[in-house]
Each structure stands twice: as structure tokens, then as C-alpha cells.
Amino acid sequence: MTSEELIPHLFRTEFTKITAVLCKLFGIEHIQVAEDIAGETFLLALETWSYKGAPENPVAWLYAVAKNKAKNILKRNQTFSKKIQPQLKNSVVTSSEIEIDLSEKNITDSQLQMLFAVCHPSISAEAQISLALRILCGFGIEEIANAFLSNKETINKRLYRAKEKLHHEKVQIEFPSEKEIDKRLDNVLTTLYLLFNEGYYSESSDNILREDLCLEAMRLTYLLIENEQTNLPRVNALLSLMCFHASRFAARKNENGEVVLYQDQDEKLWNAELISKGIFFINKASQGKIISKYHLEASIAYWHTIKADTKEKWESILLLYNQLLQIEYSPVAALNRTFALSKVYGKQEAIKEAEKLQLTNNHYYYTLLGELYKDINNTKAKQYFEAAYSLAKTQTDKRTIKKKIAGL
Amino acid sequence: MKEFVLIFRTSPNPDFNPSPEQAQEMMTSWMNWMGSIAAQDKLASQGSRLGISDAKVVQPNNVVTNGPFTEIKEFINGFIIVKTDSVEDAIAIAKECPMVKGGGGNVEVRRAVSPEDNS
Amino acid sequence: MKQFLFLYRTDYSNMQQATQEQAEAMMKKWMDWLGSIAAENKLVTQGDRLQDTGKVVKSNNIVTNGPYTDIKESIGGYSIVKADSYDEAVDIAKGCPIFNTGGSVEVREIAAM
């Protein structure tokens, strides 16, 4: 790797580690200082390495520079140092003697604790995801803006406000107490799930970026699995769900970036390794009595890795959706349940159920009704597809619906 | 939206001994019924299924008798809570209950008292 | 820990019209009682109070006015508690203020789904 390739690569992995460790040391109110030190470290690497070539052990180089920068700030800025001092774990030592621990263990611990701090219920889900992308995944502001189909200014404002809020709420970078961990973990899982979905369903045309988002969500979920206290069945279920979904990454978009519907996907493009990982984690998730929504969604995703339309498959999927809806209602789940019902009991039964849903501002609802009426009453099917077309917002959706109308 | 409690009542039938397939089928129809209510976003609570054995009735003056409440042939074996605009909607849901459709029991539909009712 | 459902039964026809003060005093007793269960971390849900009218849906689309009238006492509400045994659940039920007004509590163990 040349230094031009090396630095972005290291940035993605090491920026977040340095930031997490320093931020843990300084406290959440100095998150910006931690980010700046990490940023300056890479700036120096860029200057030095392109001139002298990369050092033998680039990571050690980065850590040494970051440590020195942190110590210098503590030395130079007495007021800052005083503010920091009481929060330092080793409060006996003076600032010049502070040991900045960039060991693997402390890095993992700090990142895990940062994950809990960032996924704090006091800030909005959107802000949590943005912060996680910045602090824990090392995404640039522009990349985050791309992922959210937004602009840099908005994202910068969002990040700034979120950091202020975390400071104001005095959120500690620490592992939640045993009593609290269950509640806080649910919030972390929701954020990781949304982060994954942001990548999976994003309208952003940048395929690599979208896949990166998914992989980062999986990496952070895996961080929780590696930690004994958070290696819980529902965490394994969430990772399993992500593996199953990610296995279809290559198959669900064609070369023009259009969504390829599940039934039209080439299953040879499905990633067998990710599928078997998904099965591994769902098995791990089955230890325990509580069935979370992630268990149900992972099981549904598992059945979708089997392409053949068997009776058993659709009966299982219907049952899982029945359970999922009882835990948490969502229009998507209601529509998918009705689709599964049509596979088990036929279209007539499904039409009766579909008409009860009345999701009249949802274009998927009309697409489903169109599908159900197809070959039963094509005039009605066309009307429903047209209603769906007028409600659809993205070009991809509109194209898909147009094809359906043409196929009647 | 109002909340209605659907109380399931059934009479014990010692002759009814479903085969595993029948039991499975009954379970599926309950799950489909509950799923259908949830898909309409009208399920407020999954409620509970109640065991029959060891039931007790606690009466005034610390009198405890073995239950379930036995003054009638039918006993309660569970409940769920639905949220609908009207009692008619709740009744329409109750009519689809597998226990009612199959003739195995009745559903009592009762509106839950909401905080607004007290004001 | 097991979960138990408390069904509160009262004979509505026998109920006397309470004054505002009486109703409030009664309400307070209920809240104190439920609060004491919650304080022991044994209250799963305080449940609902039910309105005194209702419907009964039977097979063949028969709908009658309720509440269930085959017995004098109808269900006025319910709560769910957690306890280690029936004995413990019954002990909790014994403190219920419903006994001041001549009702009863049916205690039923909740079955797994």
C-alpha cells in the first residue's frame, strides 16, 4: 500500500480508536478536543509520510503522535488540564506523567462505552446515528451527508447540537450499571438497527458507501457480542438478522442501481458465507426464553434465504409476522403479513385481510392490493397500481410499479 | 380510540381430546386471529392465557375457595385488549375469534375505564 | 416468579350509589393497595377498571347485552401480579379493598403463551 492508500484505510480504523480513548479520558464535554487531536495526528501523518514514506509500524506511529499531542495539550493548557484533572482515573499523577492507554483492551472498552454514550436517549435517533458514524465509524461529514441525502452544513449542525446535548446531560462515558444495562442496550440496538437500515435502504447512489454503513453496523454489533455482559440472545439475533440481509447485498440491485425484487433475484449472487454466519448467530440467539423482535425478524430473514416456495416456508413466515406484529406494530410488517397470508390461504382470503388495513397513504399498500387482485380482477388491479404510482416518491419505486402495470 | 377488554369464556369439555394436528390447527387459527388484529394496529395488549388448575377465589373475611369461579359452567381462560373507535368494531373483531367461530365459547366485550372517564 | 391475574368481581345490582367523597376515598384505598404491591416490585400491570356495561359475543353471530349475567357478580377490573406461589398471590389478594364493598377476587395463574 502506498501512503495515499494507507492513510484513508488507517483513518477509517484508527481515527475512531484514538478518538474513543481520548474522549473517554477527557470526558464527553471535550469530545471536540479528542476529535481534533485524532484529526491533527492524521494531518501530520499525511505531511510526513508523503515526504519520508510511511514508517514501519504506521499504527504505532499514529498512537505515539496522538499521545504526545494529548500530553502537550494537557501541559500547555493549564486551565484545560485543571478541568480534566479530577476526571482522570489516575488523579495522583501530574499531567506530564499521564499514561495514555492505547492498548487493545482499552480501545475496545472505550469504543463500547462510547457506543453507549452516543446512543443516549436524550438525543434524537438521527443524531445518534450521525454521531455513531462520525465518532465510532470514522465517516467524514460529507459521507454522512451523502448517506442521509443531506448537506454538510445540516450534518455539522446536527453533530454540534448532539454533542452539546450530551455535555449538557452530563452523559458519562462508562459502561452502564447492571440495573440500567437492559434499558440502555435496547436503545443501542435500535440505533445499530437503524444504522444498518440506513445503509440497506438508503436512496444514496453510492453503493460502496451504503455497504460500508451496513458493515459498520455489523462491526459495532459484533463489539457487543465480544463483550460478555452484552453478549445476549437479542444481540445475537440482531447480528443474525443483519447477516441474512447483507447476504443479498449483491443481488438486490442491478448494474443500473435499480432494486431487484426478491422473487427476481439471482440466488447465485447471495453470499453463502454470510448466510451461514446468520445461522450461527440465530442458533446462539435461541439460548434463553425471551423472544425479541430481532429473533422474529431474523427468523423471517432466514426463511427468505430459502428460495423455493414451500408451504412450510410461508406458514412459518405468516406465524412469525403474527408474533412480530403483536410485539410491535409497523405498516411494513402488516403488509408483509398479508402477503404471507396470500401464499398460505390464497388471494381471496388475503384481499379480505388487506382491505381491513386501510393504509391509504402508503404506496406499498396499493401495490399489495394490485398484486392480490392481479388475475382476479385486472381492472381493479390496474386502479390500485395507479394509486400506488401516484403515491410513490422515488424514481425506483415508480419504475417498479410501472412495470407491474405493463405486466397486467 | 377506546380500549375494550375481550374476555374469553369456555366450558370444560372432558370429551374434547384434540389430536396433535387439531391442537396445532387451533393454535394456528388463534395466532392468525391475533395477527390480524395486530396488523390493523388494533391490539392494545396480548393479554394472558389463564391456567385452569389451582385457581382460587378470595372472598371477604379471608375466605379462600378453590376456583375458577364455578357458579357458572363457563370459566374464563384468557383475555386480550383491543383498541377500536367503537364497541361495534370491537364486536366485529370478537366475532372472528376462533373460539366463537368454532362454537367453543363466548367472548365478553367490556370497555376499559380510561382516565378521561373519571374527570 | 409466576404471574397471576386478579379478576375483581362485584355484584353491580347490589352496589350503592357512592357520594363523590366516598368514591374518592375508595379510589384512594385501591391506589394505596396497588401501590403497596408495586412497592414490593410484585405488580406486573395495574390493569384496567371496566365500565359496567358490555356485550357478549357468542357463536352463530349472537350478540347480547352484557356484562356476563349468568352470575350475579361481574368482572369490574383486573390486575396482574407476580408471586412465587398461589399462596403468596392469595395473600396479596386478601388485602384488596374490594372486600369492603362485598366483592371477591379470582386468582388465576397465567399460562405461558
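Visitor: Let me start with His363(A): is it buried or exposed?

Guide: Buried means under 20% relative accessible area, exposed means over 50%, and partly exposed lies in between, using a 1.4 Å probe and protein chains only. His363(A) has a relative accessible area of 12%, so it is buried. As background, this is a predicted model, in which local features need pLDDT of at least 70 and side-chain atom pairs count only at pLDDT 80 or more, while totals for chains, interfaces and linings use all residues. Residues are numbered from 1 along each chain as its sequence is written, chains are lettered from A and ligands numbered from 1 in the order in which they are written, and side-chain values use heavy atoms, with hydrogens and water left out.

Visitor: Where is His363(A) found, and which residues is it in contact with, leaving aside neighbours within four places in sequence?

Guide: Helices are DSSP runs of H or I with at least four residues, strands are runs of E with at least two, and both are numbered from the N terminus. His363(A) is found in helix 17 of chain A, residues 363-373. Contact means heavy atoms within 4.5 Å. Leaving aside neighbours within four places in sequence, His363(A) is in contact with Ala388(A), Leu391(A), Ala392(A), Asp397(A) and Ile401(A).

Visitor: And where does Leu359(A) lie?

Guide: Leu359(A) lies in the loop between helix 16 (347-357) and helix 17 of chain A. With 12% relative accessibility, Leu359(A) also counts as buried. If residues up to four places away in sequence are not counted, Leu359(A) touches Tyr329(A), Pro331(A), Leu335(A) and Tyr365(A). Take Pro331(A): it is 28 residues from Leu359(A) in sequence, and the two are 7.5 Å apart in space, C-alpha to C-alpha.

Visitor: Can we read Ala70(A) in the same way? Which helix does it lie in?

Guide: Ala70(A) lies in helix 3 of chain A, residues 58-76. Its relative accessible area is 0%, so Ala70(A) is buried. Leaving aside neighbours within four places in sequence, Ala70(A) is in contact with Leu22(A), Phe26(A), Ile37(A) and Ile100(A). Between Ala70(A) and Ala38(A) there are 32 residues in sequence and 9.3 Å in space, C-alpha to C-alpha.

Visitor: Now for pairs of helices. At what angle do helix 5 and helix 6 of chain A pack?

Guide: Axes are lines fitted to C-alpha atoms, for helices over the stretch in contact, and angles run from 0 to 180 degrees between N-to-C directions. Helix 5 (residues 104-118) and helix 6 (residues 125-136) of chain A pack at an angle of about 160 degrees, with axes 9 Å apart. Angles under 35 degrees count as roughly parallel, over 145 as roughly antiparallel, 65 to 115 as roughly perpendicular, and the rest as oblique. Helix 5 and helix 6 of chain A are therefore roughly antiparallel to each other.

Visitor: Which residues in helix 5 and helix 6 of chain A meet?

Guide: From helix 5 of chain A come Gln111(A), Met114(A), Leu115(A) and Val118(A), which meet Gln128(A), Leu131(A), Ala132(A), Ile135(A) and Leu136(A) in helix 6 of chain A. For classes, Ala, Val, Leu, Ile, Met, Phe, Trp, Tyr, Cys and Pro count as nonpolar, Asp, Glu, Lys and Arg as charged, and the others, Gly among them, as polar. The residues of this contact between helix 5 and helix 6 of chain A divide into seven nonpolar, two polar and no charged.

Visitor: How many disulfides does the structure hold?

Guide: A disulfide is a pair of cysteine sulfur atoms within 2.5 Å. Over all chains, the structure holds zero disulfides. The sulfur of Cys23(A) is 14 Å from the closest cysteine sulfur, in Cys119(A), too far for a bond. For Cys137(A), the closest cysteine sulfur is also in Cys119(A), at 9.8 Å, again too far for a bond.

Visitor: Finally, what does the secondary structure of chain C come to?

Guide: Chain C has two helices and five strands, and from the N terminus on its elements run β-α-β-β-β-α-β. Of its 113 residues, 46% count as buried.

Visitor: Which chains have the most contacts between them?

Guide: Among the two pairs of chains that touch, the most contacts are between chains B and C. No contact joins chain A and chain C, whose closest C-alpha atoms lie 11 Å apart.
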